[in-house]
Amino acid sequence: MAKNTNLTDAKKAKNDEFYTRIEDIEKELKYYKDFFKGKVVFCNCGDAIHHNFSKYFSMNFEHLGLKKLICTSFEMDGSHGKVAIYEGDKNGNYIPDSDEWTTYKLEGNGDFRSAECVELLKQSDVVVSNPPFSLFREYVAQLMEYGKKFLIIGNKNAITYKEIFPLIKDNKLWLGITSPEDFVQPKGDKKKNMKGLTRWFTNIEHSMRNLPLDLYKKYNPNDYPKYDNYDAINVDKTSDIPMDYNGVMGVPITFLDKYCPTQFEILGIANNVRYMGDFPCLTKIDGKPIYNRILIRKI
């Protein structure tokens, strides 16, 4: 099937298959512990039992108050994928022993878009995973189609995708709190210093989301020049957002790490050749191109 071939190609891509370290999972998940109580969690992009997401949720099953954990694996060689289901400790040692997992083979290879994996998705409340970066658009589209809560890892540049940015603009998707720093590749090699290149993407509320930025700088036209074709000022750093300016501002995409939806409205995104949103802004100043800017305005 073509879809399976596409997923195999994505998994084989040199920079597409990264395994998330359990310490990076723990660092982010600690902010959502109350959310998971009574939930069915689905981890659908890794080894069904031995993946770090599976390990985290099975080891913390009782602590989080989970209802069920469903994990699936994808097999690149076309063999059968696997399902592993864990419903909690049964012998009192609070360790997910092998005989406490229910496992079975899938008919297909575990492609997240297959009918049998979609059926498992329908049974879940929340999806937590690290999907192939090259299939991020399709992965998010599926989660939105089935109305699922999610906490997933993606490339930072996904913020600028035409399929993703409108969800951010409409507050249907936002960034998590931490950024994974190192990943392990299939052969065991570490891919280090990726903190600036990856983000957690979610639609689960967290404690940092509604904390307003503490603004202290004052506007002046010399420090905040306007773009050539639009009445919006350029702000090079999130910390430099002026406290006394109420017009449209172009801020770097790292602004989304601190975005408070009760303080700012997201209007669009632009660079020097294209824009998304209702504001036809191109980020050039005296003909000099400026990198991607999120267009915002104070509420």
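Let's start with a charge over a ring: R209 lies over the face of W174, 3.6 Å from the ring centre. That label needs NZ of Lys or CZ of Arg within 6 Å of the ring centre and within 35 degrees of the ring normal. K39 does likewise over the face of F35, at 4.6 Å from the ring centre. This is a predicted model, where local features need pLDDT of at least 70, side-chain atom pairs count only at pLDDT 80 or more, and totals for chains, interfaces and linings use all residues. Residues are numbered from 1 along each chain as its sequence is written, and side-chain values use heavy atoms, leaving out hydrogens and water.

F35 also belongs to an aromatic cluster with F36, Y56 and F57. In total, the structure holds 13 aromatic pairs. Rings of Phe, Tyr and Trp (its six-membered ring) pair if their centres lie within 6.5 Å; planes under 30 degrees apart are stacked, over 60 edge-to-face, and the rest tilted. Take F112 and Y139: their ring centres are 5.0 Å apart with planes at 70 degrees, so this pair is edge-to-face. F112 sits in the loop between strand 5 (101-105) and helix 5 (115-123), and Y139 in helix 6 (residues 136-145), so the pair ties together parts 27 residues apart in sequence. Helices (H or I, at least four residues) and strands (E, at least two) are DSSP runs, numbered from the N terminus. Both F112 and Y139 are buried, meaning under 20% relative accessible area, with exposed over 50% and partly exposed in between (1.4 Å probe, protein chains only).

Y219 and Y245 make a tilted pair, 4.8 Å centre to centre with 40 degrees between the planes. Y219 is partly exposed at 27% relative accessible area, while Y245 is buried at 12%.
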